[in-house]
Amino acid sequence: MTRAEIIALLNLQGDKIAELYKYGCEARIKHVGKKVYLRGIVELSNICAKNCLYCGIRRDNAALPRYEMSVEEIIQAALWAHESGYGSIVLQSGERTDEKFISLIESALSAISKQTEGKLAVTLSLGEQTRATYKRWLAAGARRYLLRIETSDPQLYGKLHPSDHSFDFRLECLHTLKELGYQLGTGVMIGLPYQTIEQLADDILFFKKMDVDMIGMGPYIAYDGAPLAELGYDKERNLELALKMIAIARLELLDVNIAATTALQALHPEGRELGIKAGANVVMPNMTDVKYRQLYKLYDGKPCLDENAEQCRGCLERRIISAGGEIAPGDPGDPLHFRRRIQRNKYL
Ligand code: SAM
Ligand code: SF4
């Protein structure tokens, strides 16, 4: 699609919107099949060295008690996932670059890889790191990395972050991850203050240009107390735009994995089903211990705060089926796009 065509789709109104979702859903079934993959998410720490102006666990949120799971707790969560038939998990946390943190992740990855004989695919979502750190984690068993660019517009990025946060370095990290051989995921927040429809269209073109394997994007939701919250946001508009972005990303990128993120459900009780119906093929049940979950609040209204991992999984499986998807127990669900990309590069 051209930029103008994407803008026109983002501006659709009335009955035409449902038609766009229908095309997104059909494209999902045609290009990646009916299976919807589960990625159990472990929110392993809310300690963060950064200060993104939108985020609830930013460094300057002094009211928030901080936690870090032990290596044993992380391994235990991963083994539970493996034994319960998950093919993959995501380890996510606030961003830290100290050696203690790097080696905590490294030790957890090595043990998970050994004890599951490499059968549990691990995605990391641990922010910006050096090439050496990404290499260590890859060698220890990580396979995928999710690093949202947040917005592909450097000027808008500058308005959402303090001046010592660098758009260029984030972009460089994405290139490094790809060069090292990770399955690469990125994404953006949708409906951010100052964000225009044109910038969202450019985000879709950015995903295409970066030739990513996975997309994890969702609506922006304010966190009361974060500096950006003062500017407000429109829940209905953000939900609708996020679903349109999923459908358009599916139509434009075809064989990538696209997540129906938790933030969708924070805005609508059936947000994740709507995401699947618009073209998403991945959902992320929360596996974080309930005692930590309350403390990993990125935005207000985060759902499922008092459900345990078993309940979250059962609930999401029902949601997938009700949205017309199929469960794929034990399947790591490697993005088809990644396999094709690697194959294509062999012949270049
Ligand atoms: N710290 C790592 C990083 O920033 O890449 C990983 C964890 S971070 C909490 C994961 C994602 O949460 C971010 O990439 C951002 O898009 C999203 N996020 C943070 N605050 C949010 C908000 N208020 N609304 C929606 N998404 C938010
Ligand atoms: Fe930290 Fe990530 Fe939140 Fe930014 S988005 S403050 S890096 S946890």
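1. Basis. In this predicted model, local features need pLDDT of at least 70 and side-chain atom pairs count only at pLDDT 80 or more, while totals for chains, interfaces and linings use all residues. Residues are numbered from 1 along each chain as its sequence is written, chains are lettered from A and ligands numbered from 1 in the order in which they are written, and side-chain values use heavy atoms, with hydrogens and water left out.

2. Helix H4. Helices (H or I, at least four residues) and strands (E, at least two) are DSSP runs, numbered from the N terminus. H4 covers residues 99-115, and its end C-alpha atoms are 24 Å apart, in agreement with the 24 Å that its 17 residues should span at 1.5 Å a residue. That expected span is 1.5 Å times one less than the number of residues.

3. Burial of H4. Buried means under 20% relative accessible area, exposed over 50%, and partly exposed in between (1.4 Å probe, protein chains only). The buried residues in H4 include Phe101, Leu104, Ile105, Ala108 and Ile112. Their cover includes strands E1 (35-45), E2 (88-93) and E3 (121-125), along with helices H3 (71-83) and H5 (131-139).

4. After H4. Glutamate 117 follows just after the helix and takes a positive phi of about 50°. Glutamate 117 counts as exposed because its relative accessibility is 63%. Its side chain meets that of lysine 119 in a salt bridge (3.2 Å, N to O).

5. Salt bridges. The term means a side-chain nitrogen of Lys or Arg within 4 Å of a carboxyl oxygen of Asp or Glu. The whole structure has 26 of them. Arginine 136 pairs with glutamate 99, with the closest N and O atoms 3.0 Å apart. This pair links distant parts of the chain, helix H5 and helix H4, 37 residues apart. Arginine 136 is partly exposed at 26%, as is glutamate 99 at 44%.

6. A pair within one helix. Glutamate 26 bridges to lysine 22 at 3.7 Å between the closest N and O atoms. Both lie in helix H2 (residues 15-32), four residues apart, about one turn of the helix.

7. Threonine 151. This residue sits in the loop between strand E4 (144-146) and helix H6 (154-160), and counts as buried because its relative accessibility is 0%. A polar atom of the threonine 151 side chain lies 3.1 Å from the backbone nitrogen of aspartate 153.

Conventions:
A polar contact is a pair of N or O atoms within 3.5 Å; within protein, one must be able to donate a hydrogen and the other to accept it, and residues adjacent in sequence count only if both atoms are side-chain atoms. Contact means heavy atoms within 4.5 Å.
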